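Please consult the sequence and the structure shown here.

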Amino acid sequence: MKTFKEDFIKIYQSERGMLVLMIVNLLLSVGLFVFSILKLNPDVSVVRIGYGDIDGYRDGSWIDLLAFPMLAIIFGILHNFLAVRIFHKRGGGMAKFFLLLTTALILGAILVLTRILGEG
């Protein structure tokens, strides 16, 4: 835990770009979490839960859509911790790349969720 605190202080002092990416990552994941929780509709028995090129839209239960809030928590919290760990092991460039990929995954999850909800 001591190295995590030291690494975070080092990120704050020297890697402002990485700190900005961590904040953007956290804010986007909070947005995904709030959006996905607000769009859960437990009153409906069957909702659209996915899309495949061959079989089209798949129906399921609203409980299947709980994957999106879980992804938001994983992307927002766990990936920021992993980015600090990567910064410690590999440096700032690799950590920034990891955070950019995580941000792209969050934006992709938001896109998929909006498309699924638009068809439901």
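Ala 109 is found in helix α4, which spans residues 92–119; helices are DSSP runs of H or I with at least four residues, strands are runs of E with at least two, and both are numbered from the N terminus. This is a predicted model, in which local features need pLDDT of at least 70 and side-chain atom pairs count only at pLDDT 80 or more, while totals for chains, interfaces and linings use all residues. Residues are numbered from 1 along each chain as its sequence is written, and side-chain values use heavy atoms, with hydrogens and water left out.

- Ala 109 counts as buried because its relative accessibility is 9% (buried: under 20% relative accessible area; exposed: over 50%; partly exposed: in between; 1.4 Å probe, protein chains only).
- Residues up to four places away in sequence aside, Ala 109 touches Leu 32 and Phe 68 (contact: heavy atoms within 4.5 Å).
- A C-alpha separation of 8.3 Å relates Ala 109 to Leu 71, 38 residues apart along the chain.

**His 79 and the kink in α3**
- Helix α3 covers residues 67–90 and contains His 79.
- A kink of about 30 degrees in α3 is centred on His 79, the bend being the angle between axes fitted to the seven residues ending at a residue and the seven starting there.
- His 79 is buried because its relative accessible area is 12%.
- Beyond its neighbours within four places in sequence, His 79 is in contact with residues including Asn 25, Phe 98 and Thr 102.

**Other features of α3**
- The buried residues of α3 include Phe 68, Phe 75, His 79 and Phe 87.
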